[in-house]
Amino acid sequence: MEKIRIIGNSNLQLKGKVKISGAKNAVLPAIAACLLTGEKVRLKNVPLVKDVFSILTLMKELGAEYNIKKNSLSIEIKKIESDEASYQLVRAMRASILVLGPLLARFGKAMVALPGGCAIGSRPIDLHMHGLEKLGASISLKHGYIKAEAKKLCGKEIEFERKTVGGTENLIMAACLAHGETVLKNCSLEPEVISLCRLLAKMGAKIDGIGHETIRINGVKELGGASHEIIPDRIEAGTFLVAGALTRGNIVLTSVQPNHLHTVIEKLRYAGAKIETIKNHSLRITGSEEIMPQDVTTSPYPGFPTDMQAQFIVLMTQANGTSIITETIFDRRFSHINELLRLGANIEISGDKAKVRGKTPLSGAETIATDLRASASLVLAGLIANGETIINETEHLDRGYEKLEEKIKSLGAYIERIRK
Ligand code: EPU
């Protein structure tokens, strides 16, 4: 069992330069999209995180051959060996559900384990299934598995009842090989969805309206190989921006797309941080002595990302005043708060709201993380908590952050991994 150990200090100021990795949530659908072609797809700027290796394990079981060197991946599925995504794999990583649409579109059938609930909420996948049914799939649930079959998917108009990133991605991928035109309405606008559409277009998909809520896809007979660069991880970048603001530091982030971080940057500026864009792909954050309280409500892109909520709460524990943080995307995404209370934070939860009273000195303690972003928030809190903070269950962190300790250490913090 591995742990992270941080020796924190309320006077710590992080300083230096850090390179942001490729986005986990962009690479996972990109890898799933490789199921739509028998030709080779090359992906660059792939983050070497646990979720990437989990989806590659699944792809291998389905019949993929791949080669990963540094941050470049080439992957090819000439022949499908299995159409099943097992419970073990789907449980380990919910994004495995992204193979459902492409498997069905190219091979006419798929068996994907139902993921069940998870640490951040109930997370149903009804919108994925209803959409695929509308495209003509017959879907049944048996022994905990979704069994989907379709001789040929046929284009239809589908309006998502609510925004769903994964649902949008699954339906776009399925529609690429469907017969005729599919019109998807109320699509998610996240940069990761746009990145997937760009890859699919390079593979030969006919997609109109990329980046809009209504997307029209004209199905084609087959897709081909392509080469595609994964966009920078806006949540990793946001996490480092919070680290800069929290420690009144001075950090330059390189390989970022500042326009993907618009809402986060705006909130950090209101909180007092100075943020400048350098040459389009870098950002400098200079934290201010005084942090101003900010109310934040998470919402789909371009709103404030739910994946930044836990980190922002840590920043607000150091603000001079009270902030209300409202989580509207997931129904149980406050698990980090009980751990932050153990470090001395003053936070009250009432339904979907967290009232954070600042400024509270934090002191190091042993903690446990239950999901990826909760873990990141505990690392941030540990940096400014006086003394030793231990974070148990590091596997959550490893799912989505590439070399986090190494990067934070390079900025001047004391952080290490304990392997026992
Ligand atoms: N929802 C439904 N029915 C569905 C699909 C979603 O009710 O069929 C609900 C969910 O339960 C949730 C909301 O709709 O309450 C939004 O879910 P969405 O489908 O948008 O999320 P996702 O595709 O499962 C992705 C990211 C998450 C990120 C969310 C929201 C990936 C692999 N995961 O999840 O990332 O929080 O979008 O932006 O892209 C993370 O990186 O830590 C993470 C959890």
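Where is the place of Pro302?

A: Happy to take you there. This is a predicted model, in which local features need pLDDT of at least 70 and side-chain atom pairs pLDDT 80 or more, while totals for chains, interfaces and linings use all residues. Residues are numbered from 1 along each chain as its sequence is written, and side-chain values use heavy atoms, without hydrogens or water.

Pro302 sits in the loop between strand E18 (296-297) and helix H10 (309-316); helices (H or I, at least four residues) and strands (E, at least two) are DSSP runs numbered from the N terminus. The peptide bond joining Tyr301 to Pro302 is cis, with omega at about 10 degrees.

Another cis peptide bond links Gly358 and Lys359, and its omega is about 0 degrees. Lys359 is also a loop residue, placed between strand E21 (353-357) and strand E22 (366-368).

Arg248 is not a glycine, yet its phi is positive, near 50 degrees.

Helix H8 (residues 234-246) packs with helix H9 (residues 262-270) at an angle of about 5 degrees, the axes being 11 Å apart. With that angle, H8 runs roughly parallel to H9 (under 35 degrees). On the H8 side, Gly238, Leu241, Val242 and Ala245 make the contact (heavy atoms within 4.5 Å), and Val264, Ile265 and Leu268 make it on the H9 side. By class, these residues are six nonpolar, one polar and no charged, with Gly counted as polar.

H1 and helix H2 (residues 50-62) also pack at about 5 degrees, and their axes are 10 Å apart. H1 and H2 are therefore roughly parallel to each other. H1 brings Lys24, Val27, Leu28 and Ile31 to the contact, and H2 brings Asp51, Val52, Ile55, Leu56 and Met59. Seven of these residues are nonpolar, none is polar and two are charged.

The ligand is surrounded by 22 residues (a heavy atom within 4 Å), and the closest are Asp126, Leu127, Thr164, Asp307 and Ile329. In the side chain of Asp126, an N or O atom is 2.7 Å from a nitrogen atom of the ligand. Taken alone, the ligand exposes 830 Å², and the protein buries 87% of that (Shrake-Rupley, 1.4 Å probe).

Helix H1 (24-33), helix H5 (126-134), helix H6 (165-176) and helix H12 (372-384) are the elements giving two or more residues to this shell. H5 contributes the most, with three residues. Taken by class, the shell has nine nonpolar, five polar and eight charged residues.

Terms used: Polar contact = N/O pair within 3.5 Å; in protein donor to acceptor, adjacent residues only side chain to side chain. Axes fitted to C-alpha atoms, helices over the stretch in contact; angles between N-to-C directions. Parallel < 35°, antiparallel > 145°, perpendicular 65-115°, else oblique.
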